[in-house]
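Please read it with the structure open.

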Amino acid sequence: MIKFRYARFGVLIAALGLSAVSSIAPVPAFAQATETVKASIGTLLHEAGDLAKAKKYKDALAKLHDADGIAGKTAYETYVIESTRGSYAMAAGDKDTAVKAYEVVVASGRLSGTQKLAMYEALGDTYYSLNNLPKASAWFGRYLSEGGEDPKIKDMMTQISFQSGDCSKVSKDITANVKAEEKAGHAPAERDLQMLANCTKNDKTAYVAAIEKLTTYYPKKEYWKDLLNRLPARPGYSERLLLDLYRLKQELGQITVLNDYMEMSQLALQAGLPAEAQRIIDQGYKAGIFGVGPEAARHQRLKDLAAKNAAADLKALPQTTAEAIGATDGNALVNLGFAYVTSGQFPKGIDLMQQGITKGNLSHPEDAKLHLGIAYLWSGKKADAVKILKSVQGTDGTADLARYWIIEANHPLNK
């Protein structure tokens, strides 16, 4: 739940120029032009003021209750009594009495424009603290409709809509706010994006868009985990991208359990990338995941297989390179180049990948661009990476992964 400030009691008091902790001034101080209060009312106000000065606010309120019984009060006398009552009720912590008194003060028509706005804001705050959302919304709405410009009040209105379950209004308001903030070059408030996500859980597309915004501006592990776990369930997502999904998870520190290490390393071997498999396996051993437990021997066999395949690839490299260059399409060049990249030979690997993409006739051209973008990122060339990743298209998950790599590049997770 998002926390907002509660009523600033002093605003209510200051709006009327009164003090809740000092005695009420002599009767003439209440006069406006020729208006005065009856002596009987003035006496009760003085007595209430003395009690308030001694911090006996409940007793002071009782004196004002006595003033209520005096017949024939003028509109001005009612205004003075209610103003004073609101001040003492606030000091006593009796917010219910205070808001009722100040609503009478507002209705008196005696407040200036500035005083009214301060009163509307404070009444909205107080009703919010009392969990009276309809009343809080009404007073905040009045504040905004009559010229109030504090953006925090708009935030409060959105929060009230959220708490009231009006997700349609929340989504509409926050979407507009997010667009405005981004247009101005500002990051949307995290609390707004959280509310947007909560309000769009039944709309998968809108929900993912909200989580993407949260991941972009507030890159936290929980946002990334939610986003990536949902990707394979997206319509049209291709299973061939599972290794690519693992690569991004690894970049974000989300490969932490044995099954993930095993599957990722096996997928790398199946893709003809034993050097990548070796790196994953080594990390598994370093993390204390591999080499322990009843399957330690299996882990060792996997490690030996990766090493054997890597050595074989290295031996066959001259022939593999010649075959890739002589091929009628660029698939072999792209694959060979990415193999070099995964072994840490970035310049040579990137050059071969670019040659393959230029040659064309690729089985999966968007995959090739995705991998080239990743290669640039791994080599430390962020600008080149972002440029190529932005060009990745497709509805099978490649464009999503490319976009997520850009988010991670521009807003890295604090691992």
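How many salt bridges does a search of the whole structure find? The search finds 22, a salt bridge being a side-chain nitrogen of Lys or Arg within 4 Å of a carboxyl oxygen of Asp or Glu.

1. Basis of the note. This is a predicted model, in which local features need pLDDT of at least 70 and side-chain atom pairs count only at pLDDT 80 or more, while totals for chains, interfaces and linings use all residues. Residues are numbered from 1 along each chain as its sequence is written, and side-chain values use heavy atoms, with hydrogens and water left out.

2. E47 forms a salt bridge with K63, with the closest N and O atoms 3.1 Å apart. E47 belongs to helix 2 (residues 39-53) and K63 to helix 3 (residues 57-68), so the pair ties together parts that are 16 residues apart in sequence. Helices (H or I, at least four residues) are DSSP runs, numbered from the N terminus, as are strands (E, at least two). E47 is partly exposed at a relative accessible area of 31%, and K63 is also partly exposed, at 25%. Here buried means under 20% relative accessible area, exposed means over 50%, and partly exposed lies in between (1.4 Å probe, protein chains only).

3. R85 is paired with D68 in a salt bridge whose closest N and O atoms are 2.6 Å apart. This pair links distant parts of the chain, R85 being in helix 4 (residues 75-92) and D68 in helix 3, 17 residues apart. R85 is buried, with a relative accessible area of 10%, whereas D68 is partly exposed at 32%.

4. Packing of helix 3 on helix 4. The axes of these two helices come within 9 Å and cross at roughly 155°, which makes helix 3 roughly antiparallel to helix 4. Axes are lines fitted to C-alpha atoms, for helices over the stretch in contact, and angles run from 0 to 180 degrees between N-to-C directions. Angles under 35 degrees count as roughly parallel, over 145 as roughly antiparallel, 65 to 115 as roughly perpendicular and the rest as oblique. On the helix 3 side, the contact (heavy atoms within 4.5 Å) is made by Y57, A60, L61, L64, H65, A67 and D68, and on the helix 4 side by I81, T84, R85, Y88, A89, A91 and A92. These residues divide into ten nonpolar, two polar and two charged. In this classification Ala, Val, Leu, Ile, Met, Phe, Trp, Tyr, Cys and Pro count as nonpolar, Asp, Glu, Lys and Arg as charged, and the others, Gly among them, as polar.

5. Packing of helix 13 on helix 14. The axes of helix 13 (residues 242-251) and helix 14 (residues 258-270) come within 10 Å and cross at roughly 130°; the two helices are therefore oblique to each other. Helix 13 contributes L242, L243, Y246, R247 and Q250 to the contact, and helix 14 contributes D260, E263, M264, L267 and A268. By class, this contact has six nonpolar, one polar and three charged residues.

6. Two buried residues. Q250, found in helix 13, is buried at a relative accessible area of 18%. Residues up to four places away in sequence aside, Q250 touches I255, M264, R279, I280 and Q283. T342 lies in helix 18 (residues 331-342) and is buried, with a relative accessible area of 6%. With the same exclusion of residues up to four places away in sequence, T342 touches L273, A275, E276, R279 and W378.

7. A salt-bridge network and an exposed loop residue. E212, R234, D400 and R403 are linked in a network of salt bridges. T395 is placed in the loop between helix 21 (382-390) and helix 22 (398-410) and is exposed, at 71% relative accessibility. T395 and E212 are 183 residues apart in sequence and 17 Å apart in space, C-alpha to C-alpha. Leaving aside neighbours within four places in sequence, T395 is in contact with P235 and G236.

8. A further salt bridge. R298 and E295 form a salt bridge, the closest N and O atoms being 3.2 Å apart. R298 is partly exposed at 36% relative accessibility, and E295 is partly exposed at 33%.
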